[in-house]
Amino acid sequence: MNNTQSTELIFELSRPGRRCHRLPACDVPATQSLGDLIPSEHLAAKPPALPEVSEIDLIRHYTNLSARNMSIDTNFYPLGSCTMKYNPKRHERLAALPGFASLHPLQDDATTQGMLELLFDMQNYLAEISGLPAVSLQPAAGAQGELTALFVAAAYFRDKGETHRRKVLVPDSAHGTNPASAALAGFDTVTVKSNAKGLVDIEDLKAKLGNDVAVFMITNPNTLGLFETQIKTITDMLHAVGALVYLDGANMNAILGITRPGDFGADMQHYNVHKTFTGPHGGGGPGSGPIAVRDFLAPYLPAPVVVKDGDRFRLNFDMPKSIGRVRSFFGNVGILFRGYCYIRTLGPDGLREVSEQAVLNANYLRARVAEAFDVPHAGPCMHEFVASARNLLRERKVRAMDICKRLLDYGFHAPTVYFPLVVAEALMMEPTETESKETLDAFADTLIAIKGEDPELVRTAPHTHVITRPDEVKAAKEPVLRWTAS
Ligand SMILES: *Cc1c(COP(=O)(O)O)cnc(C)c1O
């Protein structure tokens, strides 16, 4: 950004008396003064300190700010595990149709039949895709889906009198939300090691199994982008000790229409509708994390669920064993709606094609990146893969984060960095199904070029952005989002 004006906060652009608009002159008699209408103790003594700007300054300010963001609509965004795939604009148009967008969640069922039908169908599609028949659309994010499913598991075991099951097993490659959800649901978390191939170490799992295990949370394909080839053995082992298997299905992008968690032994899963079925996300939302479970777990799902009576749809609150609500109203309906559009547009064959294309793109990019970077685990990969910058750190004192920052100078969003934790200097890349070969090549060529650049240039990147290397902890913990009058 070389336009210095655009880097100023709008309040610094403020000049007394400047206006975007003028109110029309009062055309009714001013018979009453404000003091007659509002008790004087509630009246402000002076006007609020608001910025005073002209319309053109205001428009430039916000337009320039918006152009500082990287987004999937402006840049290639290979953020592994987070899945920043293209969000079809048609879904935005459909979601904005007044018949859907103007609904109020407190309307009577009789007046919301269209939306209820859509949600009912969505429950069925998610059941079909997972092979798990009972669905709750309520959780508003993947992590909340995890927590909800663990509450369901806890309620199930409580009902069976098996409260001694205190442990939740989690592989060391798992997303950080898995152990966090287990802890929040009141379980003790036990880590299971990965083997040299990046898959669950069966011996270590065996050593940790017992009748005190409630749930094994597994991600498949895992966060290294590898399919757990022993998945059926693993789920059988868990069932043999009476435990449940939870699939972290945040990222179903590699397996849609190819295999189903219910078929390989999972008892519960969550979806990230915003990752797998397109919902514009980033910056913490909005998300949608529905869960699907086996029929014996259905009674414990959050109430209400959408049911069909004859040709009418309604919300069923009559679920005496339900864990209760986990979110207001019916979940993040706007994102569920977009996911519904994606599923209906593609159909079963189209969904399978999405996965085949996502896997093909990831393997192509993996092969190109491997020309210059260490890719520690043998391929082929699924929808994503993890490269490592450990050699660069050793040889040139350039870290994975430096490479990510340098990519910004070339107009690429960074891959996911330093995750999963089991790979040193991890760069986790997920190109998604919609990127062209040209884009993948341009990205790979850039990565390879950065490897050969002056290390100092890379260590001090980015050189083309207003915000360079913020304190990420402080930015997350103490965000300054609002101007306050001094
Ligand atoms: C994104 C993600 C989650 C958490 O989903 P949120 O919607 O961000 O809460 C959980 N597990 C994996 C593997 C993920 O990629």
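Accessible areas here come from the Shrake-Rupley method with a 1.4 Å probe, and for residues only the protein chains shown count as cover.

**Ground rules**

I'm working on a predicted model, where local features need pLDDT of at least 70 and side-chain atom pairs count only at pLDDT 80 or more, while totals for chains, interfaces and linings use all residues. I number residues from 1 along each chain as its sequence is written, and side-chain values use heavy atoms, with hydrogens and water left out.

**Overall picture**

I found 17 helices and 12 strands in the protein. These are DSSP runs numbered from the N terminus: helices are H or I with at least four residues, strands are E with at least two. The C-alpha atoms fill a box of roughly 80 × 65 × 40 Å along the principal axes. Of the 486 residues, 49% are buried. Buried means under 20% relative accessible area, exposed means over 50%, and partly exposed is in between (1.4 Å probe, protein chains only). I also checked contacts (heavy atoms within 4.5 Å). Among those between residues at least 6 apart in sequence, 70% join residues at least 24 apart.

**Ligand site**

The shell includes Ser81, Glu146, His175, Asp248, Asn272 and Lys275. By class I get 3 nonpolar, 6 polar and 3 charged residues.

Which helix gives the most to the shell? It's H7, with 3 residues. Helix H11 (273-276) and H7 each supply at least two.

Then I looked at polar contacts, which are pairs of N or O atoms within 3.5 Å; within protein, one must be able to donate a hydrogen and the other to accept it, and residues adjacent in sequence count only if both atoms are side-chain atoms. A polar backbone atom of Gly142 sits 2.8 Å from a ligand oxygen, and a polar backbone atom of Ala143 is also 2.8 Å from an oxygen of the ligand. Asp248 uses a polar side-chain atom, 2.6 Å from a ligand nitrogen. On its own the ligand has 380 Å² of accessible area, and the protein covers 87% of that.

**Thr148**

I stayed on H7 (residues 142-159) for Thr148. Is Thr148 buried or exposed? It's buried, at 1% relative accessible area. Leaving out residues up to four places away in sequence, Thr148 touches Pro139, Ile291, Pro302, Ile323 and Val326.

**Glu228**

I found Glu228 in the loop between strand E4 (213-218) and helix H10 (231-240). Glu228 counts as buried because its relative accessibility is 3%. Its side chain reaches the backbone nitrogen of Val200 at 3.0 Å. Beyond four places in sequence, the residues Glu228 touches include Gly198, Leu199, Ile218 and Asn220.

Last stop: E8 (residues 305-309) and E9 (residues 312-316) run antiparallel, joined by 5 bridges. Strands pair if DSSP finds at least two bridges between them. Val307 stands opposite Arg314 in E9. The hairpin has 2 residues between its strands, and Gly310 in the turn has a positive phi of about 60°.

Notes:
Near = heavy atom within 4 Å. Nonpolar A, V, L, I, M, F, W, Y, C, P; charged D, E, K, R; others polar.
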